[in-house]
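I went through the coordinates and wrote down what I looked up, entry by entry.

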Amino acid sequence: MAAEEGTVIACHTKEEFDTQMNKAKEAGKLVVIDFTASWCPPCRFIAPVFVELAKAHPHIIFLKVDVDELKEVSEQYEITAMPTFAFVKDGEKVHTIVGADKENLINTKLSISPRKEERTTMAAEEGVVIACHTKEEFDTQMNKAKEAGKLVIIDFTASWCGPCRVIAPVFVEYAKKYPHTVFLKVDVDELKEVAAEYKIEAMPTFHFIRNGEKIQTVVGARKEELVATIEKHVAATPATATASA
């Protein structure tokens, strides 16, 4: 089972757990760990969702750890409630979800999980929202947009933010509508340095950038204001920028 993709791998010993974590780190894969307990009803409730996610995303490593069986691992990850989902990338914990929150689990996984090759493909496409997972990725996108004279719209979001999830489909819709505008998504918990640089205090916050300079900000999930602001600045973008690839 451990050799298969698209399954939840139950680790019963510290050695099994360490082996899976080391293999994932060497392969540059994201790991999602479900810290569970046999006596925990919410754990049983969310378990089928975790299995479905594993099937849908076979290149992500999904591990299951029983906190009573692997107490050493639970202590290492400072688990105090079940279920707890720990997201680990390159050996470092990048995010945690506590509780059987189905929507939060799905959205968080999707926001930080694309494989490196998938992210590269996304970044090369137009008409998509590009999720930046590192400062380097963010800076690269910003520099490319500045060189091309393109408008950049950044959605500063958070996985736990309800209004962020409400407005997200609107952001995606307008990324498709205006493929020559650069739409970026930044999770404030994942890229704290970028969030601090842009002085983000509430989520969602949308920053409009042209030629490396902030030209307007929309704070909150205000659909009409966001759409009107997008339309205004897209219309003001030089034709040479919107026409460039």
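I looked up phenylalanine 138 and found it buried, because its relative accessibility is 2%. I use buried for under 20% relative accessible area, exposed for over 50%, and partly exposed for values in between, with a 1.4 Å probe and protein chains only. Phenylalanine 138 sits in helix α6, residues 135-148. Helices here are DSSP runs of H or I with at least four residues, strands are runs of E with at least two, and both are numbered from the N terminus. I also checked phenylalanine 138 against leucine 191: the two are 53 residues apart in sequence, and their C-alpha atoms are 9.2 Å apart in space.

A note on the source: this is a predicted model, in which local features need pLDDT of at least 70, side-chain atom pairs count only at pLDDT 80 or more, and totals for chains, interfaces and linings use all residues. Residues are numbered from 1 along each chain as its sequence is written, and side-chain values use heavy atoms, with hydrogens and water left out.

Entry: salt bridges. How many salt bridges does a search of the whole structure find? I count six, taking a salt bridge as a side-chain nitrogen of Lys or Arg within 4 Å of a carboxyl oxygen of Asp or Glu.

I stayed in helix α6 for one of them. Aspartate 139 and lysine 135 form a salt bridge through their side chains, at 2.9 Å from N to O. Both residues lie in helix α6, four residues apart, which is about one turn of the helix. Aspartate 139 is partly exposed at 29% relative accessibility, and lysine 135 is partly exposed at 25%.

I then took the pair of glutamate 231 and lysine 177, a salt bridge with its closest N and O atoms 3.1 Å apart. Glutamate 231 belongs to helix α9 (residues 223-235) and lysine 177 to helix α7 (residues 162-177), so this pair ties together parts that are 54 residues apart in sequence. Glutamate 231 counts as partly exposed at 27% relative accessibility; lysine 177 also counts as partly exposed, at 46%.

Another salt bridge joins glutamate 225 and arginine 222, with 3.8 Å between the closest N and O atoms. Glutamate 225 is partly exposed, its relative accessible area being 35%.

Entry: histidine 95. Is histidine 95 buried or exposed? I have it as buried, because its relative accessibility is 12%. Histidine 95 is part of strand β5, residues 92-98. Its side chain makes a polar contact of 2.8 Å with the side chain of serine 159. A polar contact is a pair of N or O atoms within 3.5 Å; within protein, one must be able to donate a hydrogen and the other to accept it, and residues adjacent in sequence count only if both atoms are side-chain atoms.

Entry: cis peptide bonds. I noted that the bond from methionine 82 to proline 83 is cis, with omega near -5 degrees. Proline 83 is in the loop between α3 (71-76) and β4 (84-89). The bond from methionine 203 to proline 204 is likewise cis, with omega near -5 degrees. Proline 204 falls in the loop between α8 (192-197) and β9 (205-210).

Entry: positive phi. Aspartate 90 is not a glycine, yet its phi is positive, at about 55 degrees. I placed aspartate 90 in the loop between β4 and β5, and it is partly exposed at 45% relative accessibility. Asparagine 211, not a glycine either, has a positive phi of about 55 degrees. The loop between β9 and β10 (213-219) holds asparagine 211, which is partly exposed with a relative accessible area of 45%.

Entry: aspartate 101. I found aspartate 101 in the loop between β5 and α4 (102-112). Its relative accessibility of 32% makes aspartate 101 partly exposed. From aspartate 101 to phenylalanine 45 the C-alpha separation is 9.9 Å, and the two are 56 residues apart along the chain.

Last entry: glutamate 16. I located glutamate 16 in helix α1, residues 14-27. Glutamate 16 is partly exposed, with 34% relative accessible area.
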